[in-house]
Amino acid sequence: MVRCGLSLAILFALHWGIFPSLGLGLETSPLKPSLPDTSLLYVSDYVSFVGKDSHGRVAFALDNNRGQDAQSWQAEHFVVLHDEHEGWISLQGSGSYENATHELQTIPPSTFFEIDGLPQKGMSINSHLNNLTLTIQPIPIRLAREHEGGRYWLGSAAAELQWNGRTLKGRVIYEYFMMPEFNRLSRTYWGLWKHFQGLYLVIEGLGDLYVHSQESDMMAPLVGTVSGFLAVQGETKPLQVLQVTLFDHNQAWGLYRWPSAWGLNWVNESGAGRAQLEVQEFKAMGNWIIGGFGMGIVHGIVHYNGKDYAAYGFAELIM
């Protein structure tokens with residue numbers, strides 16, 4: 001993640017510059033540990049939802065970032081929504097806002113989103129300005145890491161989105177990140193992310209799949225180069241061996257290309273699985289000629305235990 005002197009689009013593009021790791025038990029409260037005693041700190045949690053009703057599927061993502069740098073405090077939202085038939089829908093709330101309460105452990109209040117609860121207890125996200133409410137069931141930890149005081153964990157759970165008079169039942173993949181001696185909201189870190197490709201997918205009739213691949217040496221100790229989890233009917237299936245192969249790409253407006261199709265292969269305690277995934281609709285969020293940030297809607301097929309399942313969700317790309 002990089003900020004300070006960059007455009008807002010670039011800041012969004014770099015918003016994933018923080019992934020720590022943590023070995024937490026399911027009973028631990030990951031958003032309420034005592035934070036490190038430092039005046040330079042960054043905390044981020046990210047919600048990626050996919051659900052459907054009789055009118056089709058909707059994907060909604062909200063990233064919530066906050067930080068401290070000496071006597072200054074920051075806060076930021078990033079929000080995106082996609083309707084299967086109407087395409088990308090503009091929502092209010094993306095951008096920085098005042099962290100007047102100096103809150104870091106939980107998400108600082110804003111005029112755009114009211115966020116209540118904790119992941120392990122259940123959460124609600126309300127936005128009157130966007131006419132939506134997301135209700136999330138308690139989220140079990142499915143992948144957790146720790147590195148030099150930083151914490152990173154992922155989970156997934158059932159959720160329901162109320163939006164524009166529709167009720168969409170679906171799933172959420174949730175990401176929490178806390179990193180000391182770092183704050184991309186107030187400082188610039190060149191080369192923080194390199195070729196980050198994050199896939200947040202719901203597998204119809206099976207469960208949830210999260211996978212990321214990235215090439216930043218700076219982030220590798222926190223998140224690894226390739227990582228992810230599979231949840232089958234609510235039960236975590238760690239991916240002991242995971243391979244991500246880029247099959248195709250599209251030229252961006254600059255000196256780089258957007259990944260557009262992948263093959264995944266993995267092994268876990270239940271056997272082996274594979275997936276073929278492709279971006280169907282893409283939206284560039286930021287472009288700085290030599291790189292960019294974008295969100296895509298991914299369709300594909302997951303082959304697991306002798307059966308094929310349809311997959312749908314977000315791709316987040318930082319090049």
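Leaving aside neighbours within four places in sequence, which residues is alanine 275 in contact with? The first legend answers this.

The views show a predicted model, in which local features need pLDDT of at least 70 and side-chain atom pairs count only at pLDDT 80 or more, while totals for chains, interfaces and linings use all residues. Residues are numbered from 1 along each chain as its sequence is written, and side-chain values use heavy atoms, with hydrogens and water left out.

View A. Strands (E, at least two residues) and helices (H or I, at least four) are DSSP runs, numbered from the N terminus. Apart from neighbours within four places in sequence, alanine 275 is in contact with Trp262, Gly263, Leu264, Trp266, Ile301 and Val302; contact means heavy atoms within 4.5 Å. Alanine 275 has a relative accessible area of 1% and is buried. Buried means under 20% relative accessible area, exposed over 50%, and partly exposed in between (1.4 Å probe, protein chains only). The C-alpha atom of alanine 275 is separated by 8.6 Å from that of tyrosine 304, 29 residues apart along the chain.

**View B. The largest nonpolar core and another core apart from it.** A nonpolar core is a set of buried Ala, Val, Leu, Ile, Met, Phe, Trp, Tyr and Cys residues joined through side-chain atoms within 4.5 Å. The largest has 35 residues, of which Tyr210, Met295 and Phe314 touch the most other members. Strand S1 (residues 40-53) contributes four residues to this core, the most of any element. The other core lies apart and has 33 residues, including Leu81, Tyr97, Ile125 and Tyr174.

**View C. The aromatic pair of tyrosine 42 and phenylalanine 177.** Rings of Phe, Tyr and Trp (its six-membered ring) pair if their centres lie within 6.5 Å; planes under 30 degrees apart count as stacked, over 60 as edge-to-face and the rest as tilted. The whole structure holds 11 aromatic pairs. In the pair shown, tyrosine 42 and phenylalanine 177 are edge-to-face, at 6.1 Å centre to centre with 65° between the planes. Tyrosine 42 is in strand S1 and phenylalanine 177 in strand S11 (residues 166-180), so that distant parts of the chain, 135 residues apart, are linked. Both residues, tyrosine 42 and phenylalanine 177, are buried. Ring pairs also join Tyr42, Phe177, Phe182 and Tyr189 into a cluster.

**View D. The salt bridge between arginine 66 and aspartate 45.** A salt bridge is a side-chain nitrogen of Lys or Arg within 4 Å of a carboxyl oxygen of Asp or Glu. Side chains of opposite charge can pair when their charged atoms come close. A search of the whole structure finds 11 salt bridges. Arginine 66 and aspartate 45 meet at 2.7 Å, N to O. Because arginine 66 lies in strand S2 (residues 56-69) and aspartate 45 in strand S1, this pair ties together parts 21 residues apart in sequence. Arginine 66 is buried at 0% relative accessibility, and aspartate 45 is buried at 1%.

**View E. The salt bridge between glutamate 204 and lysine 52.** The two side chains meet at 3.0 Å, N to O. Glutamate 204 lies in the loop between strand S12 (196-203) and strand S13 (207-213), and lysine 52 in strand S1, so the pair ties together parts 152 residues apart in sequence. Glutamate 204 is partly exposed, with a relative accessible area of 45%; lysine 52 is partly exposed at 43%.

**View F. Arginine 57 and its partner glutamate 84.** The closest N and O atoms of this salt bridge are 2.8 Å apart. Arginine 57 lies in strand S2 and glutamate 84 in the loop between S3 and strand S4 (87-89), so the pair ties together parts 27 residues apart in sequence. Glutamate 84 is partly exposed, at 25% relative accessibility. The charged end of arginine 57 sits over the ring of tyrosine 312, 3.9 Å from its centre; the criterion is NZ of Lys or CZ of Arg within 6 Å of the ring centre and within 35 degrees of the ring normal.

**View G. Aspartate 83 in strand S3 (residues 72-83).** Aspartate 83 is buried, with a relative accessible area of 2%. A polar atom of its side chain lies 2.8 Å from the backbone nitrogen of histidine 85. Beyond neighbours within four places in sequence, aspartate 83 is in contact with Arg57, Val58, Ile89, Trp163 and Arg166.

Notes
Polar contact = N/O pair within 3.5 Å; in protein donor to acceptor, adjacent residues only side chain to side chain.
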